Amino acid sequence: MKQTTHPPDHRAAGVRDGAATAAPPRARSGKRRRPTSTQWAAWGFLAPVTVYLALFYAYPLYRNIDLSLRNYTVRSFVQGDAPFTGLANYRTVFDDPAFAPALLHTALFTAVCLVFQYAIGLALAVFFNQHFRLSATLRALFLVPWLLPLIVSASTWSWMLNSDSGIVNAVLHAVGVAPVNWLTSPSWSLASVIIANIWIGVPFNLVVLYSGLQSIPAGLYEAAALDGAGAWRRFWSITFPLLRPVSAITLLLGLVYTLKVFDIIWIMTKGGPADSSTTFATWSYQLGFGNLLPAFGPGAAVGNLLVVAALVFGLVYVRVQRKQALA
């Protein structure tokens, strides 16, 4: 009788004698993964920045918004029981006769300063980009106005523009021009603080734009010169377009800084005479601290208008940058 042999069973171990046994399910751990040492280090480096932003930016902004929505007096400011008034402080600001002149002065001060600071800074950056002898020394000297304390710069310009003993009027007298009441005339006070602020802001534009020029390949200028392009043509076809991203951030930072300029105006003219050089920054200070009966709520409301203006321009910048990235 022939004996038959069966081949070895190579099926899964879970299948025996025609009955399939299911494999045990994979155990899942209910515990969350613990942060690694790298994640703890990242949180450690992030914590100081978060605390700093919360204490010196978020909390003051919250307090300023709270001030603008309540009727604060000196007593209620100390005791903290000011009644909630909603948007009443903003209506007070909009109905104030000083609102329209302050808005106009703020717009003129910001626009004129931005245009001249950028134009002069760009011209100096292109000039120093030629790398001639003593260019580094002269570039360092142009940084002096930026490095000086604002109180020193404003006091210096106050002395230079003094009607009686100022060096500017002395030069005008020497060339036969009648003296100008730079700081005491309503027609010239705003122009005086604009001139001083332009002088202070030019070095910042020079440094940032000069850094942007360093990133433009020199080969582009050489190729354009071989094609017969002159200096002016090379500037409009190469320098200005490639410098556009740097120019955008320079103008944005300059706008935010110029909107909140207070020291220069207050030291030179205190917003006068007759409020002829009052901007939102100085008006906010006058409302909150410049009177015997301070109006903390309206002063905070004016300050918040400056914050909103800076925020709007910041959002416009972000939107433009996104469109350029997608293009």
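Let's begin with H15, where Phe296, Gly297, Pro298, Gly299, Ala300, Ala301, Val302, Gly303, Asn304, Leu306 and Gly314 are buried; buried here means under 20% relative accessible area with a 1.4 Å probe, protein chains only. Helices are DSSP runs of H or I, at least four residues, numbered from the N terminus.

Quick housekeeping: this is a predicted model, so local features need pLDDT of at least 70 and side-chain atom pairs count only at pLDDT 80 or more, while totals for chains, interfaces and linings use all residues. Residues are numbered from 1 along each chain as its sequence is written, and side-chain values use heavy atoms, with hydrogens and water left out.

Back to H15. What do its buried residues pack against? Helices H1, H2, H3, H12 and H14, where contact is heavy atoms within 4.5 Å.

Now the largest nonpolar core: 34 residues, with Phe109 and Met268 touching the most other members. By nonpolar core I mean buried Ala, Val, Leu, Ile, Met, Phe, Trp, Tyr and Cys joined through side-chain atoms within 4.5 Å. H4, H7, H9, H11 and H13 each supply at least two residues of this core, and H9 gives the most, with 11 residues.

Beyond four places in sequence, Phe109 touches Val193, Ile194, Asn197, Thr258, Val261, Ile265 and Thr279. There's also a second, separate core of 14 residues, including Val93 and Trp283.

Last stop, Ser153, which sits in H7. Why does Ser153 count as buried? Because its relative accessibility is 1%. Leaving aside neighbours within four places in sequence, Ser153 contacts Pro145, Leu148, Trp199 and Ile200.

Key:
Buried means under 20% relative accessible area, exposed over 50%, partly exposed in between (1.4 Å probe, protein chains only).
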